[in-house]
Amino acid sequence: MNELVVRRLLIDLDAPSARHWAGGDAFRTAFFNALSMSFPLGEQFFIDAVRDGVKALPQPARARFADEVRGVVGQEATHRHLHARFNAHLRRQGLRNRWEARIGDRIRALAGADVRHRVAITAATEHFTALFADHLLAHPRWLDGTEPRLRTLWLWHCAEESEHRSTAFDVYVALGGNLRWRRRWFRVVSAYFVTDLLRQTLANLWRDGTWWHASTWRSAASFLFGRDGLVRRGFGPWRAYLRADFHPGAGDTALAQRWLRELAPSYTVVVPREASRHTSELTVSAPRAAPQNG
């Protein structure tokens, strides 16, 4: 089991952000904004799925996961809370979150389904977030020129996603989830995740008025397909999830731990007794969620 702690980030998200906050780059800003738009409801779905999955386990296994799941819930609740605050600035800039409605449709489609389906969806989507997190932690130049508080927000979030990358997967296995459904849900999640992210990014660019700028598409080509591009570097780790012997814990979290050490002045660690209250306060700050990309 992983020892996961809850961290309270010490940054000011009340001050408005620049329209092209990601180093002045329109495409990267639109891409990161799209991801952020999915987090409040998506993270709540992950919380609910993992909690419900652990409740369905026999008591000895439930006890084995207790501390780890408490840490995951605290981390995810904090992510959701802070990105909801960040997204409020995006709404004031005139951006429209279309992803949430599709998330809502999917939660209704899953009503009454075996909890293993929701946990499998969570594990698959967490692989995507860990993949993206590892890429950004390894190539922080994509955040060059970003104001420090937002750079801290994204690197901290990425580090914690890498840190708890195995939890939903392990719960799925403990529930008796099989390889066939793990692969099937991963393919479904892959299709939805990529499509939804692309649609929201393009919608953000359209509303931003930078759709027709040549610099937007030069940046997109470099960020996605260049030497250090997300697609070019991420395809191998994406495909690894389909292997029968895959486990997220085989991924290297050294970069995540290094960034957490470097970012230490920007957060405080919430002690276990405070963590439950802290998580409860964050959890009631937004409506219940739908599954992300399932």
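Begin by selecting F31, F32, L35, F132, L153, W154 and F223, which touch the most other members among the 79 residues of the largest nonpolar core, a core being a set of buried Ala, Val, Leu, Ile, Met, Phe, Trp, Tyr and Cys residues joined through side-chain atoms within 4.5 Å, where buried means under 20% relative accessible area with a 1.4 Å probe, protein chains only. The largest share of this core, 16 residues, comes from helix 1, helices being DSSP runs of H or I of at least four residues and strands runs of E of at least two, numbered from the N terminus. The model is predicted, with local features needing pLDDT of at least 70 and side-chain atom pairs counting only at pLDDT 80 or more, while totals for chains, interfaces and linings use all residues. Residues are numbered from 1 along each chain as its sequence is written, and side-chain values use heavy atoms, with hydrogens and water left out.

Stay with F32 and show its contacts (heavy atoms within 4.5 Å): leaving aside neighbours within four places in sequence, F32 meets W21, A22, F132, L136, W142, L143, W154 and F223.

Next, select helix 3, residues 99–109, whose buried residues are W99, R102, I103, G104 and R106. The elements covering these buried residues include helix 1 (26–55) and helix 7 (179–208).

A pocket here is an open set of points on a 1 Å grid over the protein atoms alone, where a 1.4 Å probe fits, with protein on both sides within 12 Å along at least five of seven lines, and lining residues have an atom within 4 Å of a point.

Now select D134, R165, P237, G251 and D252, which lie nearest the centre of the second largest pocket, lined by 24 residues. Helix 4 gives the most to this lining, with six residues, and by class the lining has 11 nonpolar, eight polar and five charged residues.

Finally, step back to the whole chain, which comes to 11 helices and two strands. The C-alpha trace spans about 55 × 40 × 35 Å along its principal axes, and 55% of the 294 residues count as buried.

How values were computed
Buried means under 20% relative accessible area, exposed over 50%, partly exposed in between (1.4 Å probe, protein chains only). Ala, Val, Leu, Ile, Met, Phe, Trp, Tyr, Cys and Pro count as nonpolar, Asp, Glu, Lys and Arg as charged, and the others, Gly among them, as polar.
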